[in-house]
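Subject: Handover of a structure

Dear colleague,

Please find below the structure that I am passing on to you. My notes on what was found in it follow directly after.

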There are 2 protein chains.
Amino acid sequence: MPPADGIYFEDVVVGAVLHAGPYVIPEAELTAFAAAWDPLPMHVDKAYAAAHGGLTAPGLYLLAVKFRLVHTLPFQNSVIASIGYDELRFHRPARPGDALTLELTWTDKRRSRSKPDRGIVAGRYTLNNAQGEAVMSHLDTVLMRLRQP
Amino acid sequence: MPPADGIYFEDVVVGAVLHAGPYVIPEAELTAFAAAWDPLPMHVDKAYAAAHGGLTAPGLYLLAVKFRLVHTLPFQNSVIASIGYDELRFHRPARPGDALTLELTWTDKRRSRSKPDRGIVAGRYTLNNAQGEAVMSHLDTVLMRLRQP
């Protein structure tokens with residue numbers, strides 16, 4: 001159980017694992033998102049996609065699903081900013097109806113040298129499908145507040 | 001000028017640079033996107049954000065803007081799939097009204113060893129603001145079709 005006031009820098013334990021989800025991909029949400037931001041036929045054209053195993057989710061949509069699942073974890077008061085992502089990989093297609101779960105493993109933490117109220121926290125995020133196969137994974141580095149600077 | 005039928009593997013020249021944009025961030029689009037996917041106060045709460053220089057764009061929204069600008073370049077027929085991103089960094093905040101331009105520099109290309117109809121193409125994408133400062137950058141690796149396999 002995370003602390004009642006949310007997860008702060010002090011609560012991050014390198015090696016610990018958090019889970020969120022599942023999130024079942026709604027077809028209408030996927031196609032509307034793709035139409036707005038990444039309208040390739042494989043994402044928006046059901047007839048075209050039928051010959052290729054069906055519609056696939058844009059990578060950007062999978063990142064969006066990751067954010068939606070992250071927001072079910074109690075970071076809202078502590079994340080200051082995202083520094084960036086590394087090693088982001090799209091391992092296999094995700095499609096409408098797939099139930100995606102998020103696995104987060106903390107990989108690193110250190111205090112900021114210049115600002116005593118914050119630290120730098122890194123984690124590996126993986127979206128898995130219902131078969132337990134990785135769909136997307138990346139390393140994520142954020143600035144996070146200390147509860148008690 | 002790109003070829004009339006679009007950019008295929010053969011057209012990628014390592015070191016060449018492409019440009020797209022500008023895209024001016026609409027405040028309503030930014031806040032609606034953030035409300036759906038990353039509803040942190042710095043992205044959705046104008047009163048909260050006023051004390052911090054104003055609303056900032058979620059990193060995910062900046063990636064979405066990158067996709068919208070990429071779709072003004074003629075890759076639609078040739079991109080098969082995204083392999084992944086590396087070294088994605090959010091360098092400085094972007095805010096409503098900012099005019100973002102995309103700069104793409106091809107960094108690598110090679111034929112697929114197993115499939116003769118495609119190759120692997122890498123590029124560095126940078127979103128710049130109107131002051132020419134980098135807002136976001138990353139390396140992007142995609143599978144791209146050959147025009148004449």
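Glu87(B) counts as partly exposed, since 13 other C-beta atoms lie within 10 Å. In this predicted model, Glu87(B) belongs to strand β2 of chain B, and its phi is positive, about 55°, although the residue is not a glycine. The counterpart in the other chain, Glu87(A), sits in strand β2 of chain A. Its phi is likewise positive, near 55°, in a residue other than glycine. Glu87(A) is partly exposed as well, because it has 13 C-beta neighbours inside 10 Å.

How are the two chains related? A rotation of 180° with 0.0 Å of shift along its axis places chain A on chain B, with an RMSD of 0.0 Å. This is the relation of a two-fold axis. Within chain A, the C-alpha nearest that axis belongs to Asp86(A), at 2.4 Å.

Turning to the interface, 22 residues of chain A are in contact with 22 residues of chain B. Two elements of chain A, α4 and β2 (79-90), each give two or more residues to the side that touches chain B. The largest share of that side, 10 residues, comes from β2(A). By residue type, the side of chain A that touches chain B comprises 12 nonpolar, five polar and five charged residues. The copies meet through the same surface, because 100% of the interface residues of chain A are also interface residues in chain B.

Strand β2 also links the chains by pairing. β2(A) and β2(B) (residues 79-90) run antiparallel and are joined by four bridges. Here Tyr85(A) stands opposite Leu88(B).

What is the order of the strands in the open sheet of 10 strands? The order is β1(A)-β3(A)-β4(A)-β5(A)-β2(A)-β2(B)-β5(B)-β4(B)-β3(B)-β1(B), and the pairing is antiparallel. β1 (17-24) of chain A and β1 (17-24) of chain B stand at the edges, each with a single partner strand, so one side of each is left without a neighbour in the sheet. On average, neighbouring strands are turned by 25° against each other, direction ignored. Within chain A, 10 bridges join the antiparallel strands β3 (residues 99-111) and β4 (residues 118-128). In this pair, Asp108(A) has Ala122(A) of β4(A) as its bridge partner.

Helices pack on this sheet from both chains. α4(A) touches β1, β2, β3, β4 and β5 (134-145) of chain A together with β2 of chain B, and its direction makes about 120° with that of β1(A). α4(B) touches β2 of chain A together with β1, β2, β3, β4 and β5 of chain B, and its direction makes about 120° with that of β1(B).

Gly21(A) and Pro22(A) are joined by a cis peptide bond, with omega about 10°, and Pro22(A) lies in strand β1 of chain A. In chain B, a cis peptide bond likewise joins Gly21(B) and Pro22(B), with omega about 10°, and Pro22(B) lies in strand β1 of chain B.

As for chain A as a whole, its secondary structure amounts to four helices and five strands. From the N terminus, the elements follow the order β-α-α-α-α-β-β-β-β. Its C-alpha atoms fill a box of roughly 55 × 30 × 25 Å along the principal axes. Of its 149 residues, 33% count as buried.

Which residues of helix α1 (residues 27-37) of chain A are buried? They are Leu30(A), Thr31(A), Phe33(A), Ala34(A) and Trp37(A). Seen down the axis of α1(A), these buried residues fall within an arc of 160°, so they line one face of the helix. The face turned away from them carries the exposed residues Ala28(A) and Ala35(A). The buried residues of α1(A) pack against α2 (41-44) and α4 (59-70) of chain A, together with α4 (59-70) of chain B.

Finally, Asp117(A) is found in the loop between β3 and β4 of chain A. Asp117(A) counts as partly exposed because it has 13 C-beta neighbours inside 10 Å. Leaving aside residues up to four places away in sequence, Asp117(A) touches Arg145(A), Leu146(A) and Pro149(A). The C-alpha atoms of Asp117(A) and Tyr8(A) are separated by 11 Å, with the two residues 109 residues apart along the chain.

Yours sincerely

Conventions: Residues are numbered from 1 along each chain as its sequence is written. Chains are lettered from A and ligands numbered from 1 in the order in which they are written. This is a predicted model: local features need pLDDT of at least 70, side-chain atom pairs count only at pLDDT 80 or more; totals for chains, interfaces and linings use all residues. Copies are superposed by least squares on the C-alpha atoms of residues with pLDDT of at least 70 in both. Two residues are in contact if their C-beta atoms, placed from the backbone, lie within 7 Å. A residue is buried if 20 or more other C-beta atoms lie within 10 Å of its own, exposed if 12 or fewer, and partly exposed in between; C-beta atoms are placed from the backbone. The arc is that of the directions from the helix axis to the C-beta atoms. Ala, Val, Leu, Ile, Met, Phe, Trp, Tyr, Cys and Pro count as nonpolar, Asp, Glu, Lys and Arg as charged, and the others, Gly among them, as polar. Two strands pair if DSSP finds at least two bridges between them. Axes are lines fitted to C-alpha atoms, for helices over the stretch in contact, and angles run from 0 to 180 degrees between N-to-C directions.
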